[in-house]
Amino acid sequence: MDILFCSAPGTFSSRPTLAPAILKACASNAGFDAMAIDLNIEIRNQILKNPRKKLIREFFELQKIHEDIVDDIGDLLDYCADRIIRLNPRILGLSLLTQDSQFFTVWLCYHLKILNPNLKIVIGGSGIKNFIAESKLNFAELLQSKGYIDDYINGDGEYSIVEYLKNNLSHPGINSGNWEPIKDLNALHYPDFSDYNFSQYQEPGIPICDSRGCVRTCEFCDIIEHWKKYQYRTADNIFEEMQHQIKQHSITRFFFYNSLTNGNMKEFQKLLDLICDYNDKHPTAQISWDGYFIIRNKKQHPEEFWKKIKKSNGFLQLGIESVVEKVRVSLGKNFANEDIDYHLDMAKKYSVPLLLLLIVGYPTESRQDFEFTKQWFRDRHHYARNPINHVVFSLASILPNTKLERKQEEYGIVRGEIPTIWMTQTSDISTADRINYYYELNDLLTKLNMSSSNGGSSMDITAAELA
Amino acid sequence: MKINLTLLCSIIRCNGSIKIEMFDQTTPIYTGENLPDGPARIDCQINWPTTIHIVTSNKHPDDMEIDANGNILKDKSIEITGILINNFPIHQDYIDKLFICQQEGSSDITSENWWGFNGKIKIIFDQPNPTRYMLSLKNEFNMNRLYWNINE
């Protein structure tokens with residue numbers, strides 16, 4: 001085998017990772033013998049069964065090696081190494097979705113190079129940097145300088161991995177900070193999931209990348225700094241891929257891995273029509289989907305549109321960020337609170353499940369705003385479970401290379417060691433206060449029968465850093 | 001399995017340098033007789049798992065000069081300041097604890113990384129592989145994930 005693509009464990013998502021399947025398709029179509037496995041889910045499932053899972057998570061997030069998990073971590077590394085080496089690839093392509101995979105990747109690459117020094121390792125994905133928009137590549141450069149990896153690919157890997165396999169190391173993105181975004185998403189091969197075992201996933205579904213970048217320019221967001229131009233695939237192209245994957249895997253659930261599904265309303269409406277038509281023709285095996293969704297006003301998302309979302313079995317993830325209108329509009333989400341209420345009403349009427357994403361303690365929020373937010377949820381307790389399926393809170397972060405970072409002087413932000421640790425000169429709200437505020441919100445939502453969680457590892461890392 | 005072992009050292013010379021001989025079990029892997037003053041690096045390949053035996057010699061009683069207040073004026077020694085196993089550094093805090101030392105003419109066993117004596121030293125690598133060894137030491141790769149330091 002020329003190359004084995006693996007997701008690096010550490011994302012802890014219960015869903016399939018997309019990158020290995022995309023890269024396999026690129027390599028195979030260029031004539032290389034390739035395979036793709038989702039090691040992330042294999043390791044996640046093993047950890048979930050382990051009574052010491054909390055300590056193991058600490059290893060992934062903080063690299064804390066507790067006495068009780070020394071053997072567990074060794075076993076996980078052995079499992080991954082054995083899985084990879086048995087497949088006997090010439091090259092291992094390890095894809096890191098987020099920085100949460102970095103510690104395990106260090107150990108895994110170290111272990112692999114001991115067991116098989118001839119195995120060439122190339123890493124890629126947004127997780128090879130601490131933050132997607134930052135220019136520094138210290139993690140990848142460090143691993144390369146130590147000899148734990150041979151090469152790294154920065155930025156979109158679809159074309160660069162093929163050039164890498166052809167040994168063209170001067171291609172943009174290979175061992176370099178400069179990379180070229182894909183010019184036409186419609187021209188890419190469909191991801192090849194033929195090596196995936198979909199029975200491993202709690203909720204089997206096929207990931208689809210329908211767009212990159214975003215139509216909005218929210219000041220906290222680093223995605224728009226990485227993919228500066230919004231790119232989308234046509235409805236026909238996406239739907240064709242859906243039909244292809246249904247034929248291959250008999251799975252009709254799709255997860256859009258993107259920043260938003262409804263960035264291009266013309267294509268999105270067309271896609272909904274295609275899915276609705278499919279669902280009419282296949283009443284016992286209907287397509288369902290979920291993806292990020294931006295709130296617009298009633299005129300742009302009329303009731304007819306909601307009927308289609310229902311008929312297409314959509315699950316919407318709404319990036320609300322703040323329920324305080326002035327805060328939200330000023331950070332770049334230009335919709336009114338009445339638009340949120342309209343979406344909640346429509347989603348309830350048509351039983352469209354929603355996941356709400358909120359930032360805890362945005363720099364421009366005050367303690368009064370915290371109280372307003374709590375009251376906002378109390379006033380909407382009747383939306384619990386239907387349509388508000390879940391609420392994800394993330395600690396406000398000042399991410400490198402974002403508009404928010406560039407505006408930190410204007411906001412009087414004084415930053416600490418990590419992006420979640422900061423204060424403003426205009427308020428006395430500390431990071432610890434914001435963490436407490438998160439716990440208050442979490443408790444409140446539990447009382448309101450709304451399910452909630454914190455997004456990613458930032459809460460744990462911040463708490464550990466503060467301790 | 002073949003593994004690269006690196007010892008980072010600081011050498012202090014006095015009437016020449018201390019002599020150091022290293023053995024992977026019984027196989028000689030390094031001999032240093034006239035080491036230069038200052039920092040040095042010893043790279044050798046070992047067969048894991050193993051015990052590395054080190055013999056220090058060429059230290060003479062007059063190689064150390066002490067003033068009336070007990071301050072060392074001159075000495076001959078080698079200090080191990082770093083251990084890397086396939087480029088994975090062992091944390092500074094662990095280094096002195098890993099060397100089992102016996103000075104010539106003494107039956108005392110000590111753990112130290114500053115060798116200003118003639119004697120025998122050993123370091124035991126008894127885990128199945130270096131990864132398990134590092135885990136058993138609870139040796140983290142780098143403390144701060146946000147500032148991966150390429151010079152570390």
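What follows is a tour of the two chains and of their contact.

A word on conventions comes first. This is a predicted model, in which local features need pLDDT of at least 70 and side-chain atom pairs count only at pLDDT 80 or more, while totals for chains, interfaces and linings use all residues. Residues are numbered from 1 along each chain as its sequence is written, and chains are lettered from A and ligands numbered from 1 in the order in which they are written.

Let us look at confidence. For the complex, the predictor gives an ipTM of 0.91 and a pTM of 0.90. Chain B has a mean pLDDT of 90, with 93% of its residues at 70 or more; pLDDT is the predictor's confidence in each residue, from 0 to 100. Residues 143-148 of chain B have a pLDDT below 50, and beyond near neighbours in sequence this stretch has nine contacts in the model. Here two residues are in contact if their C-beta atoms, placed from the backbone, lie within 7 Å. Where pLDDT is low, the predicted coordinates should not be read in detail.

Now turn to chain A, which has 18 helices and 16 strands. Helices (H or I, at least four residues) and strands (E, at least two) are DSSP runs, numbered from the N terminus. The domain assignment gives domain 1 (3-178) and domain 2 (205-466) of chain A, with bounds that come from an automatic or database domain assignment. The centres of these two domains, taken over C-alpha atoms, are 28 Å apart. Along the principal axes, the C-alpha atoms of chain A fill a box of roughly 60 × 55 × 45 Å.

An open sheet of chain A comes next. Its seven strands follow the order S6-S9-S10-S11-S12-S13-S16, and the pairing is parallel; two strands pair if DSSP finds at least two bridges between them. Strand S6 (206-208) and strand S16 (452-454) of chain A are the edges, each pairing on one side only. On average, neighbouring strands of the sheet are turned by 20 degrees against each other, direction ignored. Within the sheet, strand S11 (residues 314-321) and strand S12 (residues 354-360) of chain A run parallel and are joined by five bridges, and A:Gln317 has A:Leu355 in S12(A) as its bridge partner. Helix H17 (residues 431-447) of chain A lies across S12, strand S13 (388-395) and S16 of chain A, at about 170 degrees to S13(A). Axes are lines fitted to C-alpha atoms, for helices over the stretch in contact, and angles run from 0 to 180 degrees between N-to-C directions.

In chain B, follow strand S8 (residues 77-85), which pairs with strand S1 (residues 2-12) of chain B in the antiparallel sense over eight bridges. In this pairing B:Ser10 stands opposite B:Glu79 in S8(B). S8(B) also runs antiparallel to strand S12 (residues 114-115) of chain B, with two bridges, and B:Ile78 stands opposite B:Trp115 in S12(B). Two bridges join S8(B) to strand S9 (residues 88-89) of chain B, again antiparallel, with B:Phe88 in S9(B) as the bridge partner of B:Ile85. The hairpin of S8(B) and S9(B) has two residues between the strands, and B:Asn86 there takes a positive phi near 50 degrees.

Finally, where do the chains meet? In all, 18 residues of chain B are in contact with 24 residues of chain A. Helix H2 (residues 130-137) of chain B gives the most to the side of chain B that touches chain A, with five residues.
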